[in-house]
Amino acid sequence: MRGGQLGVRDLLTARVGPDGEVVGLEREARLVALGERRLRERDPANVGFVLGAAYASGLPSCAFDLAPACLLLINLTDPGRARAEMVALVGSGRIVAVQDIDPMPWPCEPLHPAWDPLVDAFLLIWRANGLPPLIGRRLPATLRATGLVDGPLEAHARTDPPGAYPRKHLRDPTRAIRREIVERRLSTDPELAGPTGALERHLDDPCTVVMGTLLLLAWGRKAEG
């Protein structure tokens, strides 16, 4: 099995038991070292980490019962290659599970006039960098196109109370990319450079509802043969 360093590792470890194995794939050596250090603190015998890439893991083909990925594909410019690699890792009849988000539409009610420009600014950079903004809702179709069958889809959304960081998480990255938006001439909307104080007060209002991004989970079984 393949699991994330800080994600479902504990659940997978318990599920496979002492006779199974969980392998975490990580592309950065420093994070592999961090994972190994934490493993030494807890001493689980059935967990390990390897240095590799989502496009080419270096792990043996058809060797795993489950290949999960959480919030991975949306950060890749070529998620199809990563999906193909995951399918190659599992044996016939085994499972590939993918959890990812749709970073839109971030509904805000009541709507504030500065909200839509904030969302648009974030999506401008997202798309300009070649990242797929609608990958979550497309998971069932893309998993089937990769050769998986019997793939359901679950969708979850959350709201956060005033003062919680996720309620304002668009604010900081969008402030940071305003200069990039202007320099790359991705938008000339004057509201991108406008003050955010009124919007922040709006988001702090307990009567304002901000719904987070959709988190979608899809999985499928590798066809026999």
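This is a predicted model: local features need pLDDT of at least 70, side-chain atom pairs count only at pLDDT 80 or more; totals for chains, interfaces and linings use all residues.
Let's start with charge. Side chains of opposite charge can pair when their charged atoms come close. How many salt bridges does the structure hold? The count is 5. I will take you through some of them.

Begin with Arg30 and Glu28. Their side chains meet in a salt bridge, at 2.9 Å from N to O. Arg30 is exposed, at 59% relative accessible area. Glu28 is partly exposed, at 28%.

Next, Arg94 and Asp65. These side chains also form a salt bridge, and here the N to O distance is 3.2 Å. What does this pair tie together? Arg94 sits in strand S4, residues 90–102, and Asp65 sits in strand S3, residues 64–70. The pair therefore links parts that are 29 residues apart in sequence. Arg94 has a relative accessible area of 40%, so it counts as partly exposed. Asp65 is partly exposed too, at 43%.

Now Asp102 and Arg137. In this salt bridge the closest N and O atoms are 2.4 Å apart. Asp102 belongs to strand S4, while Arg137 lies in the loop between helix H4 (115–128) and helix H5 (139–145). So this pair ties together parts 35 residues apart in sequence. Is Asp102 buried or exposed? Asp102 is buried, with a relative accessible area of 0%.

On to the nonpolar cores. The largest nonpolar core has 31 residues. Which of them touch the most other members? They are Leu73, Val96, Val98 and Trp115. Several elements give two or more residues to this core: S3, helix H3 (79–89), S4, H4, H5 and helix H7 (197–204). The largest share comes from H4, with 6 residues.

Look at Leu73 in particular. Leaving aside residues up to four places away in sequence, Leu73 touches Pro79, Ala82, Arg83, Val98, Asp100, Pro132, Ile135 and Leu139. There is also a second, separate core of 9 residues, and its members include Leu12, Leu39, Val47 and Leu66.

What about cysteines? A disulfide is a covalent bond between the sulfur atoms of two cysteines. The count of disulfides here is 0. Cys70 is partly exposed, at 48% relative accessible area. Cys207 is exposed, at 62%.

Back to helix H7. Which residues of H7 are buried? They are Leu199, Glu200, His202 and Leu203. These residues cover an arc of only 160° around the axis, so they lie on the same side of H7. Here is the background. An α-helix has 3.6 residues a turn, so residues three or four places apart point the same way.

Last stop: Ser57. Find it in the loop between strand S2 (47–51) and S3. Ser57 is buried, because its relative accessible area is 6% and the cut-off for buried is under 20%. Which side chain does the side chain of Ser57 make a polar contact with? The partner is Glu85, at 2.6 Å. Ser57 also touches Leu25, Gly52 and Leu89, again not counting residues up to four places away in sequence.

That is the tour.

Key:
Residues are numbered from 1 along each chain as its sequence is written. Side-chain values use heavy atoms; hydrogens and water are left out. A salt bridge is a side-chain nitrogen of Lys or Arg within 4 Å of a carboxyl oxygen of Asp or Glu. Buried means under 20% relative accessible area, exposed over 50%, partly exposed in between (1.4 Å probe, protein chains only). Helices (H or I, at least four residues) and strands (E, at least two) are DSSP runs, numbered from the N terminus. A nonpolar core is a set of buried Ala, Val, Leu, Ile, Met, Phe, Trp, Tyr and Cys residues joined through side-chain atoms within 4.5 Å. Contact means heavy atoms within 4.5 Å. A disulfide is a pair of cysteine sulfur atoms within 2.5 Å. The arc is that of the directions from the helix axis to the C-beta atoms. A polar contact is a pair of N or O atoms within 3.5 Å; within protein, one must be able to donate a hydrogen and the other to accept it, and residues adjacent in sequence count only if both atoms are side-chain atoms.
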